[in-house]
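Hi there,

Here is the model I promised to pass on. Have a look at it first, and my notes follow just below.

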Amino acid sequence: MHGEYKVPGGKLVVVDLDVEDGALRGTRVAGDFFLEPDEALEAINGALDGAPADTDAAGLAARIDAALPAGTVMYGLTSEGVGVAVRRALAHATDWTDYDWQLVHEGPQPPALHMALDEVLTQEVAAGRRPPTLRVWEWASPSVIIGSFQSLANEVDAEGAARHGIDVVRRISGGGAMFVEPGNTITYSLSVPDALVQGLSFQDSYAYLDDWVLGALADMGIKAWYQPLNDIATEAGKIAGAAQKRTVAPGGGPGAVLHHVTMSYDIDADKMLDVLRIGKEKLSDKGTRSAKKRVDPLRRQTGLPREAVIDRMIDSFRSRYGLTEGKVTEEESARAQELVRTKFGTSEWTARVP
């Protein structure tokens, strides 16, 4: 069995192993990480050999930590990362480069249609009718997108939204409310087979699916990192928030994961505060007392036009994993339009948590 895992902000860890009588055997760890002393690698292999095959990543990491020689130094490598690589090997997880990725980047769409397209395209990936897809959104109008489980009244000031002509829609994923305006927001979705995140915890899957964009930001001179559970942050403040939804394939087979991210290219903070109800409790765990200071836009940090930032992100993804131009099919579009009519465009859905 073979598993690979790139430690967030670190290096690639590769594990090859067998399972005999319910235990790991012949485990060999490799990668482009740095490790001192040399004997530490054999200590890691020895710690894994004989471990019950159902040991979780944290348990495997504990075995490794207990076996490491005194003074061991890891750079680009963590015990937890090795544990995750082992779990991915056991789960027969796939890698980014195992797929022919498709890019969908079309003209501006209404907010409710974006919600519907996320659901339809991810269902198509789960069913095997669509390749894994990176979809870059363009917004036809300003909007507030609330999480699947958020209270509409608690999150949105209805009078403020009406005053600014802002639509409110509810997405299928959890997480918090997002304030978006055309030209000020960069949003993308990844619709990927469940096999890509096999062996990863829910939290680890966020970091794993965000890693490519951290590299793209680094190429633009922005030092950014994943901040659990679902933020991308810099020293100047938060620049993005992510959310996920897991779907099941027809018939209950392997499913797919929707991972979408909204990034602040620029922001009208006063308008945002006039529309969103951002409470003190929400800010308390973010290390700031001001909602205005929570977000630091990409425009200021890069000095680049929005279109240039998007182009560089797409180029970075393509250079890592390959990417071919695609589009939403007529059938997918028709299904999405129907979902707008019956679900995402209805008050019943938007206010399902009043």
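**Notes on the model**

Strand 1 (residues 2-6) and strand 2 (residues 12-20) run antiparallel and are joined by five bridges. A word on terms: strands (E, at least two residues) and helices (H or I, at least four residues) are DSSP runs numbered from the N terminus, and two strands pair if DSSP finds at least two bridges between them. This is a predicted model, in which local features need pLDDT of at least 70 and side-chain atom pairs count only at pLDDT 80 or more, while totals for chains, interfaces and linings use all residues. Residues are numbered from 1 along each chain as its sequence is written, and side-chain values use heavy atoms, with hydrogens and water left out.

Back to the start of the chain. His2 has Asp16 of strand 2 as its bridge partner. The hairpin of strand 1 and strand 2 has five residues between the strands, and Gly9 there takes a positive phi near 75 degrees. Strand 2 also pairs with strand 3 (residues 23-31), in the antiparallel sense over seven bridges; Val19 is bridged to Leu24 in strand 3. In this second hairpin, two residues lie between the strands, and Asp21 has a positive phi near 50 degrees.

Further along, you will find an open sheet of three strands in the order 9-8-10, with mixed pairing. Strand 9 (167-170) and strand 10 (178-180) are the edges, each with a single partner strand, so one side of each has no neighbour in the sheet. Neighbouring strands here are turned by 20 degrees against each other on average, direction ignored. Strand 8 (residues 143-146) pairs with strand 9 in the parallel sense over four bridges, and Ile145 has Val169 of strand 9 as its bridge partner.

Then there is helix 11 (residues 306-321). Gly322 follows helix 11, with a positive phi near 85 degrees.

Best wishes

Conventions:
Axes fitted to C-alpha atoms, helices over the stretch in contact; angles between N-to-C directions.
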